[in-house]
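Please have the sequence and the model open side by side. We will walk through the fold together, one region at a time.

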Amino acid sequence: MFLENELKISLDLNEYNKLTSFCNTQPVLQTNHYFDTTKDLSQMVRIRQKGDKFALQHKNRCKVEGNVFNSQESGVEVDEQFLQSEKRVPSGISLLQQTQP
């Protein structure tokens with residue numbers, strides 16, 4: 001488990017292009033599969049896919065100040081067999097998907 005300090009900023013396309021013009025690498029596509037935790041918005045559970053790697057992750061939001069989020073985060077790599085198992089999603093929990101470059 002580790003502590004994460006995250007600054008969240010929304011960019012328009014022009015701002016994004018300007019920012020990436022300073023980078024020497026290409027963006028990496030990642031897909032996040034979020035479990036619906038609406039009963040407790042301070043908790044987040046997701047499966048993150050980057051290429052052929054998958055990670056099951058949990059975040060516990062500790063503090064929010066403006067656009068800065070302080071969270072405790074833990075995670076573990078999982079394989080495709082785990083992802084295809086019907087037991088991975090407990091009954092009554094829905095799965096949301098978000099893809100980001």
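What follows moves from the overall layout to the strands, the charged pairs and the surface.

A word on ground rules: this is a predicted model, in which local features need pLDDT of at least 70 and side-chain atom pairs count only at pLDDT 80 or more, while totals for chains, interfaces and linings use all residues. Residues are numbered from 1 along each chain as its sequence is written, and side-chain values use heavy atoms, with hydrogens and water left out.

Let us begin with the layout. The protein has 2 helices and 6 strands, and from the N terminus they follow the order β-α-β-β-β-β-α-β. Here helices (H or I, at least four residues) and strands (E, at least two) are DSSP runs, numbered from the N terminus. Of the 101 residues, 21% are buried; buried means under 20% relative accessible area, exposed over 50%, and partly exposed in between (1.4 Å probe, protein chains only).

How far can you trust each part? The predictor's confidence in each residue is the pLDDT, from 0 to 100. Its mean over the protein is 80, with 82% of residues at 70 or more. Helix α1 has the highest confidence, at 93, and strand β6 (residues 95–100) the lowest, at a mean of 51. Across residues 91–95 the pLDDT falls below 50, and this stretch has 9 contacts in the model beyond near neighbours in sequence. A contact means heavy atoms within 4.5 Å.

Now turn to strand β2 (residues 30–35), where 6 of 6 residues are buried. In a regular strand, side chains alternate between the two faces of the sheet. Both faces of β2 are covered, with Gln30, Asn32 and Tyr34 buried on one side and Thr31, His33 and Phe35 on the other. Strand β2 runs antiparallel to β3 (residues 43–50), and 6 bridges join them; strands pair if DSSP finds at least two bridges between them. In this pairing, His33 stands opposite Ile47 of β3.

Further along, Ala55 sits in strand β4 (residues 53–65) and is buried, at a relative accessible area of 16%. Its C-alpha atom is 6.5 Å from that of Gly75, 20 residues away along the chain. Setting aside residues up to four places away in sequence, Ala55 touches Arg46, Ile47, Arg48, Val76, Glu77 and Val78.

Which charged side chains meet? Look for salt bridges, each a side-chain nitrogen of Lys or Arg within 4 Å of a carboxyl oxygen of Asp or Glu; the count is 4. In one of them, the closest N and O atoms of Lys59 and Glu4 are 2.8 Å apart. Lys59 belongs to β4 and Glu4 to β1, so this pair ties together parts 55 residues apart in sequence. Both Lys59 and Glu4 are buried. Shared partners join Glu4, Glu6 and Lys59 into one salt-bridge network. Another salt bridge, between Arg46 and Glu73, spans 3.7 Å from N to O.

Finally, look at the surface. Leu7, Ile9, Leu11, Leu13, Tyr16, Leu19 and Val68 form a nonpolar patch with about 660 Å² of accessible area together. Helix α1 (residues 13–20) supplies the largest share, 3 residues. Patch members have over 30% relative accessible area and no salt bridge, with like charges joined within 9 Å and nonpolar side chains (Val, Leu, Ile, Met, Phe, Trp, Tyr) within 5 Å. Areas come from the Shrake-Rupley method with a 1.4 Å probe, and for residues only the protein chains shown count as cover.
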